[in-house]
Amino acid sequence: MRPSSALTAALTATAAVALTATGVTAAPAGTSAPRPGICQEQSLSVSASSGGQRSVARIAVTNRGGSTCVVDRIPTVTFRGLDGSAEAVPPATSGPYVLSPGEHGYAAVRTAAPGATEGHVVRTLSVAADPSHHGVTFGAATVGMGRGIQVWEPVTTLWHTSRAAADRALADATR
């Protein structure tokens, strides 16, 4: 059964009003809205600092470019001389994290569980906002681990809109 043209027009008008009320705009029929591309590494600023606890670091990414772009929702955190990267908590798969110009993303990294006696001690960790990027390397002192970064089963949160949200996500995932 085909809807009448009057019904189709009414549904289209209702949908347009609903989209406009939520701030979403519809693309013309037969087209799709453009998706932001991957952020160019040179348009990002990546930083790291102490997480306030032993074996915890905070990381941030800022879009310094002039257009909206995406990074992977899981930051890539690696440790000098060790294979692999920190695992995402909660477990997640890759996906886009959108950054508008001037917008920040925050994540928290735990390099070793509290009281861990196993593992390796390294002098640096590297953070890439997207796996296609080289990343930025930070020394142990920069992340508040002056005697070296103890690494044993490291984990990282996804990017969040605030430091507090990243800290809560790490605490919730590592209880």
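Colleague: Is Arg 147 buried or exposed?

Modeller: The reading rests on relative accessible area, for which exposed means over 50%. Arg 147 has a value of 85%, so the residue is exposed. Please keep in mind that this is a predicted model.

Colleague: How is Thr 124 to be read, as buried or exposed?

Modeller: Here the cut-off for buried applies, which is under 20%. Thr 124 has a relative accessibility of 15% and therefore counts as buried. The residue is part of strand β9 (residues 124-128). Setting aside neighbours within four places in sequence, the contacts of Thr 124 are Phe 79, Arg 80, Thr 137, Phe 138, Gly 139 and Ile 149.

Colleague: Which elements does the chain contain, and in what pattern?

Modeller: The protein chain has two helices and twelve strands. Along the sequence the pattern is α-β-β-β-β-β-β-β-β-β-β-β-β-α. Of the contacts with a separation of 6 or more, 73% are between residues 24 or more positions apart. Of the 175 residues, 37% are buried.

Colleague: How does one read the sides of a helix, and which residues of α2 are buried?

Modeller: An α-helix has 3.6 residues a turn, so residues three or four places apart point the same way. In α2 (residues 163-173), the buried residues are Ala 165, Ala 166, Ala 169 and Leu 170. These residues cover an arc of only 135 degrees around the axis, which places them on the same side of α2. Their cover includes β2 (56-63), β7 (104-110) and β12 (155-156).

Colleague: How is a pocket found, and what lines the largest pocket?

Modeller: Rolling a probe the size of a water molecule over the atoms shows where empty space is left. In this model the largest pocket holds about 190 Å³ of space. Its lining includes Arg 54, Arg 58, Arg 110, Asp 167 and Leu 170. β2 and α2 each supply at least two residues of that lining, and α2 gives the most, with three residues.

Colleague: Which cysteines does the disulfide join, and why is the disulfide called right-handed?

Modeller: The structure holds one disulfide, which joins Cys 39 to Cys 69 at an S to S distance of 2.0 Å. The torsion about the S-S bond is about 90 degrees, so this disulfide is right-handed. Cys 39 lies in the loop between α1 (5-21) and β1 (44-50), and Cys 69 in strand β3 (residues 69-72), so the pair ties together parts 30 residues apart in sequence. Both Cys 39 and Cys 69 are buried.

Colleague: Finally, which backbone angles deserve a note at Ser 55, Glu 153 and Pro 90?

Modeller: For Ser 55, phi is near 70 degrees, a positive value in a residue other than glycine. Ser 55 is in the loop between β1 and β2 and is buried, with a relative accessible area of 5%. Glu 153 also has a positive phi, near 55 degrees. Glu 153 is in the loop between β11 and β12, and its relative accessibility of 56% makes it count as exposed. As for Pro 90, a cis peptide bond joins Val 89 to this residue, with omega about -10 degrees. Pro 90 lies in the loop between β5 (87-88) and β6 (96-99).

How values were computed. Residues numbered from 1 in each chain as written. Predicted model: local features only at pLDDT ≥ 70, side-chain atom pairs only at ≥ 80, totals over all residues. Heavy atoms only, no water. Helix = DSSP H or I, 4+ residues; strand = E, 2+ residues; numbered from the N terminus. Buried < 20%, exposed > 50% of the residue type's maximum accessible area, 1.4 Å probe, protein only. Contact = heavy atoms within 4.5 Å. Disulfide = S-S within 2.5 Å. Arc of directions from axis to C-beta. 1 Å grid on protein atoms, 1.4 Å probe; cavity = no way out; pocket = protein on both sides within 12 Å on 5 of 7 lines; lining within 4 Å. Points joined across faces, edges and corners; volume = space filled by probe spheres on them.
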